[in-house]
Amino acid sequence: MGFELTDKGGVRQLFFEGLETPKIQRLNPRFRSKLLLLLKPPAAVADRIFADASQYAEGRTRRAAYPAELLHITLLCIGCFETVPHGLINKLKAALGEINARPVPITFEETSLFGNRNSLVLRSSRDMPEIKALVKILQRALWRANLPFVTASSFTPHLTMIYGCGKIELMPAGKPYSWLAGNFELVFSHNGETRHEPLARFALSAKADRYERPESQLYLSEKVIGPSKRPKQSAASR
């Protein structure tokens with residue numbers, strides 16, 4: 001999942017005071033530590049993904065599999081910062097702590113290459129409406145609290161196993177990687193350090209309302225709306 005922010009005023013720490021929030025802009029290449037909302041697989045699943053990715057990487061790429069403890073699905077990028085914005089963190093905790101949402105079922109059963117550097121990722125061949133609905137809930141909560149977030153042009157749930165591995169053959173699909181995500185996390189991803197600094201964890205509740213169904217076009221069959229009343233044109237008049 002890619003995010004871009006720009007800072008027309010140059011590289012600087014975003015500052016939040018009171019209710020006013022500076023506009024999040026496009027990413028400066030030198031300014032890439034990110035504040036993220038994530039889903040992480042349980043340890044047993046993460047260890048299996050890491051072991052499978054490590055074995056597959058041998059002889060195919062010089063890039064190592066991403067560490068098991070850092071494997072994640074990015075839900076939302078809050079923004080990019082030089083250091084952890086502690087004042088903003090407190091406001092995020094207050095807003096996100098009020099979210100009441102159900103656990104999210106996750107199943108990845110296929111792989112693909114993702115992004116400009118061709119990273120090997122896990123993804124699903126089926127739609128995942130629950131995780132997409134959770135992202136919308138997070139966006140609404142932050143918007144209502146006048147807090148920043150980066151809106152991606154599209155959201156494709158995926159989990160990166162090997163970053164920047166190039167154009168390699170896709171890892172064959174085996175037994176699906178499945179789990180029920182019972183919480184989401186707020187972390188600070190340190191640029192260039194392969195390190196997540198955990199800041200908060202928020203539980204999801206089975207007692208919460210079911211997720212909204214995605215909007216879809218209403219379909220009416222011909223039996224309901226009736227056949228077309230337009231007169232048929234002869235071949236000669238066409």
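**Exercises on strands, a sheet and a pocket**

In strand β6, the bridge partner of V121 is T160. Let's build on that pair; bear in mind that this is a predicted model.

**Exercise 1.** Work out which strands form the open sheet with β6, and which helix packs on the sheet.

*Solution.* 
- Step 1: Start with the pairing. β5 (residues 119-123) runs antiparallel to β6, with four bridges between them.
- Step 2: Extend to the whole sheet. Three strands make up this open sheet, in the order β4-β5-β6 and with antiparallel pairing.
- Step 3: Find the edges. β4 (110-114) and β6 (158-162) each pair on one side only.
- Step 4: From one strand to the next, the twist averages 40 degrees.
- Step 5: Place the helix. α1 (residues 43-57) packs on the sheet and touches β5 and β6, its direction making about 45 degrees with that of β6.

**Exercise 2.** Find the partner of V104 in β7, then sort the residues of β7 by face.

*Solution.* 
- Step 1: V104 has A181 as its bridge partner in β7.
- Step 2: β3 (residues 104-108) and β7 are joined by five bridges in the antiparallel sense.
- Step 3: Recall that side chains in a regular strand alternate between the two faces of the sheet.
- Step 4: Now sort β7 (residues 177-181): Y177, W179 and A181 form the covered face, while S178 and L180 form the uncovered one.

**Exercise 3.** Describe the lining of the second largest pocket.

*Solution.* 
- Step 1: The volume of this pocket is about 740 Å³.
- Step 2: Its lining has 33 residues, with A133, V135, K136, I137 and R140 nearest the centre.
- Step 3: α3 supplies the largest share of that lining, ten residues.
- Step 4: By class, the lining holds 18 nonpolar, four polar and eleven charged residues.

Definitions and conventions
Residues numbered from 1 in each chain as written. Predicted model: local features only at pLDDT ≥ 70, side-chain atom pairs only at ≥ 80, totals over all residues. Heavy atoms only, no water. Buried < 20%, exposed > 50% of the residue type's maximum accessible area, 1.4 Å probe, protein only. Helix = DSSP H or I, 4+ residues; strand = E, 2+ residues; numbered from the N terminus. Pairing = 2+ DSSP bridges. Axes fitted to C-alpha atoms, helices over the stretch in contact; angles between N-to-C directions. Contact = heavy atoms within 4.5 Å. 1 Å grid on protein atoms, 1.4 Å probe; cavity = no way out; pocket = protein on both sides within 12 Å on 5 of 7 lines; lining within 4 Å. Points joined across faces, edges and corners; volume = space filled by probe spheres on them. Nonpolar A, V, L, I, M, F, W, Y, C, P; charged D, E, K, R; others polar.
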